[in-house]
Amino acid sequence: MSVLVFADSSEGKFKKSAFEVVSYGKKVAEQLGSKVVTLSINGGDASELYAYGAEKVIEVKEDSLSTFNAKAYASIIQQTADAQNSNVVIIDSSIDGLFVAPMVAVALEAGYASNVVALPSSTEPFTVKRKAFSNKAFSNTVISTDKKVIGLAKNSFGAHENSVSGSTESFSATLPELGVSSTSVERASGKVTIADADIVVSAGRGLKGPENWGMIEELAEVLGAATACSKPVSDLGWRPHGEHVGQTGKPVASNLYIAIGISGAIQHLAGINASKVKVVINTDADAPFFKAADYGIVGDAFEVVPQLVEKLKAFKQS
Amino acid sequence: MKILVCISHVPDTTSKINFTDNDTKFDTNGVQFVINPYDEFSLTRAMWFKEKQGATVTVVNVGNATTEPTLRKALAIGADDAIRVNAEATDGLFVAKQLAEIVKNGGFDLVLAGRESIDYNGGMVPGMLASLLDFNFVNGCVGMEVEGTNASLSREIDGGEESLSTSLPLVVAGQKGIVEEKDLRIPNMRGIMMARKKPLNVVEPVGVDAATSTQSFEKPAPKGAVKLVDNVDDLINLLHTEAKVI
């Protein structure tokens, strides 16, 4: 028996989430008294995974998969799980992870729990805690099948260094017919993406117009943060739709979320509740967001944000 | 084109979330139920295919009789007929297996659903359904066209979008972008009147063992009050020393 972890990568580099799932998989394997095996498909240098406890790395190199293909990835994960006699498969709950994991579950006839936030509270019955009701509650979910697929929520466990002397094996999986082919990929280059960001700086209608976003971008740059916005802002066309966070926009699970000039509608909060620390800057002391925030400044964004930029620059240099 | 739109019956976003029976059951008391917002995007896209390309649109839900008003609302928006699989939706695999039967028996070639439901947030039913049927599958779809049996779609990826080509039969899990929020349909009086006469067929479930179950629910620990600070120096200090996030 083994625990199989899928370490996702993009353009030949492991994603940050890969180190988190390996750290998590290592602990689950310890709980079960079994070994952890890590799968990398066109990934980076396996030694980066050893640093987080990956003793055995299975490498699949496949030129035809230069971009992610869910069906092919699901098939490779299933074939690896079969070859490694894995009874637990761990995949992150990123956009691609949520695409591939249900297909893996069907292929392995496994029960699947997505958006899991903690180590199993029990292995018999196998019980995991997962997010539910748009982050307003958790469900303690029992997976009752022999094989299990766990989708780990981002930033819920963290990456923990645990260096081992690992080994790498290559594996040639049989590829299925792809069914869906990628024709082009458009990515904003040089910007921190909301999914990867540890810090997200988000602004709302309180900014009064798109011409005022310079200071938000400056703040994001100082912090190495991604920029985001509330729904009305993207509806008004002030910012691209890809920046809209909230119930129907992108979910955010960053370590720090700074909301500027956003009142905090329940739909917005549903999308950002998974963030660990929330800071609110708003002129209206009664804005509902203050109830959800950890820290707040009641003040005008046009005064507070430039000061914050200057002081943070000084702080970063000190 | 025969389109099936999967509709989840979920508590309205603004609902207070409470549990009963020792925190094992969701408390529906006083809760307003709606069409799952992600499914609504996909339903609206299906209406577009119906009006512009002559598709037929069936909506389906796995649930007991209490979900029928949600299906009637989908009919009022313009779906041609509705199916209710008469079973409590116990877990994602159970629902996917029920839906697979409906797709096979109904000869649907395009299945539209939402990226996830806003109650259990599993995000698993569309992918499981596609795998069970061996249909092509696109998740997190933010744009879609179908010509004949060819489909071109775009999906959200980290930091951007990917364009894809595929063919029917196909399962698509949509989100905002497959249509825009301003284009969502609100049932009008004529639609509501017509919906009453449209067929809503109830079928019995196939026997399936659930793969997962909820042992209990819990709510996040109550959050302490916000710490209000007067100046940015204090804020930076707290974020550095107390919250340890910068």
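How many positive and negative side chains does chain B have, and how far apart do the centres of the two sets lie? I counted 24 positive and 33 negative side chains in chain B, with the two centres 7 Å apart. For this I took Lys and Arg as positive and Asp and Glu as negative, leaving out His and the chain ends. I placed each charge at NZ of Lys, CZ of Arg, CG of Asp or CD of Glu.

Ground rules next. This is a predicted model, where local features need pLDDT of at least 70, side-chain atom pairs count only at pLDDT 80 or more, and totals for chains, interfaces and linings use all residues. Residues are numbered from 1 along each chain as its sequence is written, chains are lettered from A and ligands numbered from 1 in the order in which they are written, and side-chain values use heavy atoms, without hydrogens and water.

**Chain B overall**

I looked up the secondary structure and found 6 helices and 15 strands. These are DSSP runs numbered from the N terminus: helices are H or I of at least four residues, strands E of at least two. The C-alpha trace spans about 60 × 45 × 40 Å along its principal axes. Of the 246 residues in chain B, 54% are buried (under 20% relative accessible area; exposed is over 50%, partly exposed in between; 1.4 Å probe, protein chains only). I then checked contacts (heavy atoms within 4.5 Å). Among those joining residues at least 6 apart in sequence, 70% link residues at least 24 apart.

**Helix α1 of chain B**

I tested the length of α1(B), residues 37-53. Its 17 residues should span 24 Å, and the end C-alpha atoms are 24 Å apart, so the two agree. The expected span is 1.5 Å times one less than the number of residues. I found 12 of the 17 residues buried, so α1(B) is largely enclosed by the rest of the structure. Among them are B:Y38, B:F41, B:L43, B:M47 and B:F49. Just after the helix, B:G54 takes a positive phi of about 70°.

B:C6 is in none; the nearest cysteine sulfur, in B:C141, is 14 Å away. That is too far for a bond. B:C6 is buried at 9% relative accessibility, and B:C141 is buried at 0%.

**A:H268**

Last, I visited A:H268 in helix α7 (residues 266-272) of chain A. A:H268 is buried, at 6% relative accessible area. Leaving out residues up to four places away in sequence, A:H268 touches residues including A:C229, A:Y257, A:I262 and A:F289.

Conventions
Disulfide = S-S within 2.5 Å.
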